[in-house]
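Reader: Hi! Could you walk me through this one before I set anything up?
Author: Happy to, take a look here.

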Amino acid sequence: MTMRVAVSYFREDKLGAYVNAVRAAGLEPVPISPAQTRGLEDIGGLVLTGGGDVDPSLYGAQPNPQTKHVFRERDELERDLIEEAQRKGLPILGICRGLQMLNVVRGGTLRQHIERHKEVEHLVRTEPESKIAACVGTEDYPVNSRHHQCIDRVGSELKVTARAEDGVIEAVEDPNRAFVVAVQWHPEDRPTTRDSRIFDAFAKAVCR
């Protein structure tokens, strides 16, 4: 039986690439949005997708003028899903905004605006022995970057496992859990690269 995993989202027109990547890894995606709220019953893992900015009030900050597309109902849905997945010990894969949301739920904070990371390709360097390094390697790796916010203070029990050349955090994971991994780039859009191994590693953890 194909394992089912939740895929959080807000805009249906942005969902397709995530669904395709999950299916390519041998899993069955179960999309969940604020309009289709449900829990994680009969679900084997959680994928947190990209999108707008996280509400700064969730990490004790005032909004920067550059902070846009904040939807509190999505924040609350994903917070609840992350907390439920953690209680149940489910694998979690965070992508772009998903990394930021995971960090905030873990008590971390965000930098609300940075330059030179929106709609560009840049290199990242992974930490040896990390789960993300096992997927994409330890040499400089080019990634597709579409974000203007990033992690500032790292959340509880999260370890930084990749950085960009300018020091921006590009991946985190929880070494104390079987699979809690998040990346700042968009692996779902590059199925023919090593990025597909990120979904494969997530699927392996889900099916374990």
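Author: Below we talk through the overall fold, the aromatic pairs and one glutamate. Keep in mind that this is a predicted model.

Reader: Thanks! What does the secondary structure of the protein chain come to?
Author: The protein chain has five helices and eleven strands.

Reader: How many of the residues count as buried?
Author: Of the 208 residues, 54% count as buried. As for the accessible surface, the protein chain has about 9,500 Å², and 46% of that belongs to carbon and sulfur atoms.

Reader: What about contacts between residues 24 or more positions apart?
Author: They account for 68% of the contacts with a separation of 6 or more.

Reader: Switching to charges: how many positive and negative side chains are there?
Author: There are 28 positive and 32 negative side chains, and the centres of the two sets lie 2 Å apart.

Reader: Nice. How many aromatic pairs does a search of the whole structure find?
Author: Two aromatic pairs turn up. In one of them, phenylalanine 10 and phenylalanine 71 have ring centres 4.3 Å apart and planes at 25°, so the pair is stacked.

Reader: Where do phenylalanine 10 and phenylalanine 71 sit in the chain?
Author: Phenylalanine 10 is in the loop between β1 (4-8) and α1 (16-24), while phenylalanine 71 is in the loop between β3 (46-48) and α2. The pair links distant parts of the chain, 61 residues apart. Phenylalanine 10 counts as partly exposed because its relative accessibility is 29%, and phenylalanine 71 is partly exposed too, at 33%.

Reader: And is the pair of phenylalanine 179 and phenylalanine 202 stacked or tilted?
Author: That pair is tilted, with 5.9 Å centre to centre and 55° between the planes. Phenylalanine 179 lies in the loop between β10 (169-173) and β11 (180-183), and phenylalanine 202 lies in helix α5 (residues 196-207). Both phenylalanine 179 and phenylalanine 202 are buried.

Reader: One last thing: is glutamate 84 buried or exposed?
Author: Glutamate 84 counts as buried because its relative accessibility is 11%, and the cut-off for buried is under 20%. Glutamate 84 is in helix α2 (residues 72-88).

Reader: What does glutamate 84 touch, not counting residues up to four places away in sequence?
Author: Glutamate 84 touches Gly39, Leu40 and Glu41.

Technical notes
Residues numbered from 1 in each chain as written. Predicted model: local features only at pLDDT ≥ 70, side-chain atom pairs only at ≥ 80, totals over all residues. Heavy atoms only, no water. Helix = DSSP H or I, 4+ residues; strand = E, 2+ residues; numbered from the N terminus. Buried < 20%, exposed > 50% of the residue type's maximum accessible area, 1.4 Å probe, protein only. Contact = heavy atoms within 4.5 Å. Areas by Shrake-Rupley, 256 points an atom, 1.4 Å probe, with all protein chains shown as cover. Lys, Arg positive; Asp, Glu negative; His and termini not counted. Charge placed at Lys NZ, Arg CZ, Asp CG, Glu CD. Phe/Tyr/Trp six-rings, centres within 6.5 Å; stacked < 30°, edge-to-face > 60°.
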